[in-house]
Amino acid sequence: MSGNFSCVRKTFGNGHVLEHFPDARFWTNSGQILECQENVWNLYLYCGQLDLSIEKGSDILKLLVATEELGLNILNEFIQEFLIEYLQNTDPLGVLELVFQHKTFTNLKDSLLEIICHEPKILFGTDKILSLPAQILESLLKREDLVLDEIEIWDNLTKWAHAQQPTVDKNPFEWTKNELALMERTLLKLIPLIRFHDITSKAYYEKVIPYEDLFPKKLRLEIMKFYLTSDIKQIGLLPSRSFLGTIDSVIINKEYIALFTGWIDKKEAVKETYKFNLIFRANRDGDTAASFHAKCNDKGATIVVAKIKGSNKVVGGYNPLDWNGNGDKSTPDSFIFIFEDYNNICTGRIGRVIRESHAVRCLIDYGPLFGSYNRGSNDIMVTRDGKWSSVTNSYPNINIPRNFVIDDYEVFQVIKK
């Protein structure tokens, strides 16, 4: 990556840049000498240009510190932007401590924290977290986009605390008063950042109760009330972590985003990699084949979701292609699904296409069609007059009802972020 910085060069006065920085050697305020490749600095000093793509990461970080101390703000911002892109494909942990020492590196700091929150296995669950400075851990725990179950966050926090105080007994029930006081000071700012309302009562009993003596009395009472009554939905001031986006639907909620993402990518989803944009709702746009195709053709990949009338069942399918044309379409990536209770995503079953050459059928006079036609229906069929049916053909049998009526159905355009 390269950038043009003639405006930065001008801040030193025309013809005087090298007088201030002879031999392309920069003294920082701390007295540290920063030396960089002579040809790179000559290009910047004489031409106002700098190419960071050929520099070592460690040299770029030194340059970043120097530009801050020398007040080269525009150059500093450019280097931060470069590092943000560079760190997408590298381990960001080595940079974090340096960044936290400099208040002006806000963009870089936020980007590093976001990378770790979206890819928490970089840090959490590894030995690296044991030596993490408290300030960085606090910043991570404050965030709502940390993609980890809350009980995993708690496990990592307790391991970190024991690593900070290695002389303290590993069994909290054996702590002396001095050990208890030491751990209280260590975790004082961090315990309130745990969303205890997102920890199950079983996990709380097994993993959190041993440490309850560390909690303020008010917090212990709130937690007890949460588990014993239905009066409160949130403990403390912090809401549940919302690392997944919202979805505009009257049928499903944001929990489906992670599930659908994992099904599409054929792996467990740890972050939101797709946008699910509502493009059709039958009760709003018209429950006809013409309305479906008017809204859904030329939109690329889509997911169809339908709520079965008189039950909690939801059925649907994923078409990674489009709904244009006339006839069968081939793909190895489509699937159909059913949820026995749409309020509980754990009740979902997926059926991936078996006959790939008949994965999806597009007919202008019909709604969405999944699978080939046989014995009176496709695997999922919506007729021209809005009747729904299912017969196992191109997909495995996942017990979708033979004939059913729906309350409503929606189609979401699936867009890779």
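I looked up Arg 361 and Asp 328 and found their side chains joined in a salt bridge at 2.8 Å, N to O, a salt bridge being a side-chain nitrogen of Lys or Arg within 4 Å of a carboxyl oxygen of Asp or Glu. This pair links distant parts of the chain, with Arg 361 in strand β11 (residues 360-362) and Asp 328 in strand β8 (residues 327-329), 33 residues apart; strands (E, at least two residues) and helices (H or I, at least four) are DSSP runs numbered from the N terminus.

I note that this is a predicted model, in which local features need pLDDT of at least 70 and side-chain atom pairs count only at pLDDT 80 or more, while totals for chains, interfaces and linings use all residues. Residues are numbered from 1 along each chain as its sequence is written, and side-chain values use heavy atoms, with hydrogens and water left out.

I then checked exposure, where buried means under 20% relative accessible area, exposed over 50%, and partly exposed in between (1.4 Å probe, protein chains only). Asp 328 is partly exposed at 32%.

Next I turned to Arg 241, which forms a salt bridge with Glu 150, the closest N and O atoms being 2.9 Å apart. Arg 241 lies in the loop between α12 and α13 (255-265) and Glu 150 in helix α9, so the pair ties together parts 91 residues apart in sequence. I found Arg 241 buried at 8% relative accessibility, and Glu 150 buried at 4%.

I also looked at Glu 340 and Arg 349, whose side chains meet in a salt bridge of 3.3 Å, N to O; Glu 340 is partly exposed at 30% and Arg 349 partly exposed at 29%.
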